[in-house]
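Q: Could you walk me through this one from the start? I have not looked at it before.

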Amino acid sequence: MLPGPVGSRPRAVTDTSSLFPSSLRRDIQLAAQAGAFEAIWSPWIIAELNRVLVWDWIKRSGNDLSRSNQRRCSAAAQAMMALLLPTFQLASPLPPYPPAWVSLRDQWDHPVWAAAKVSRAQFVISENIHDYPPLADGRHSYEGIEYLSEARFVLLLS
């Protein structure tokens with residue numbers, strides 16, 4: 001079982017990379033709904049997820065930009081949000097973001113780190129392993145926040 005404060009569930013920010021594809025999103029959503037952990041996201045993560053899903057939808061539909069395909073895309077996005085909104089807590093960090101580790105070179109991952117800091121998360125669930133903090137004591141963690149893949153995080157929940 002995951003470590004955490006006595007009497008509370010672990011808190012984890014879920015990066016966009018672990019919410020797309022839908023199989024990862026479903027696993028995270030079901031674990032959070034079952035009460036295994038407190039799922040956290042931010043306006044930044046929601047916006048990025050929507051952007052990625054819309055572009056994927058357009059690509060999968062053969063670049064169909066018709067009104068009817070736009071309506072189907074919107075309906076699918078609304079259905080997804082209806083499922084996820086009650087499951088995730090919102091953290092809304094604003095710049096300037098808290099300092100991160102020196103090797104975090106991707107400025108677009110800094111808002112994810114900031115969401116973890118302001119929400120007092122213990123974990124960040126991310127498939128972007130090249131943006132993890134440096135390995136220390138066998139873990140990719142910085143200031144007490146550990147970065148894990150969705151698969152590793154789900155294994156820790158059991």
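Q: In which sense do β6 and strand β7 pair, and over how many bridges?
A: Strand β7 (residues 145–148) pairs with β6 in the antiparallel sense, over two bridges; two strands are said to pair if DSSP finds at least two bridges between them. Please keep in mind that this is a predicted model, where local features need pLDDT of at least 70, side-chain atom pairs count only at pLDDT 80 or more, and totals for chains, interfaces and linings use all residues. Residues are numbered from 1 along each chain as its sequence is written, and side-chain values use heavy atoms, with hydrogens and water left out.

Q: OK, and which residue stands opposite I145?
A: Y142 stands opposite I145 of β7. β6 and β7 form a hairpin with two residues between them, and in the turn E143 has a positive phi of about 50 degrees.

Q: What does β5 pair with?
A: Strand β5 (residues 135–136) pairs with strand β6 (residues 139–142), in the antiparallel sense and over two bridges. A136 has R139 in β6 as its bridge partner. The hairpin of β5 and β6 has two residues between the strands, and there D137 takes a positive phi near 55 degrees.

Q: Switching topic, how many helices and strands are there in the chain?
A: The protein chain has five helices and seven strands, where helices (H or I, at least four residues) and strands (E, at least two) are DSSP runs numbered from the N terminus. The radius of gyration of the protein chain is 16 Å, close to the 15 Å that the globule rule gives for 158 residues, so the chain is as compact as a globular protein of that length. That radius is taken over C-alpha atoms, and the globule rule is 2.2 Å times the number of residues to the power 0.38.

Q: What share of the residues is buried?
A: Buried residues are 42% of the 158 in the protein chain; buried means under 20% relative accessible area, exposed over 50%, and partly exposed in between, with a 1.4 Å probe and protein chains only.

Q: And T14, is that buried or exposed?
A: T14, which is found in strand β1 (residues 11–14), counts as buried because its relative accessibility is 0%.

Q: What does T14 touch, then?
A: Not counting residues up to four places away in sequence, T14 touches L19, I28, I40, I45, F88 and I125, a contact being heavy atoms within 4.5 Å. Across the protein chain, among contacts between residues at least 6 apart in sequence, 69% join residues at least 24 apart.
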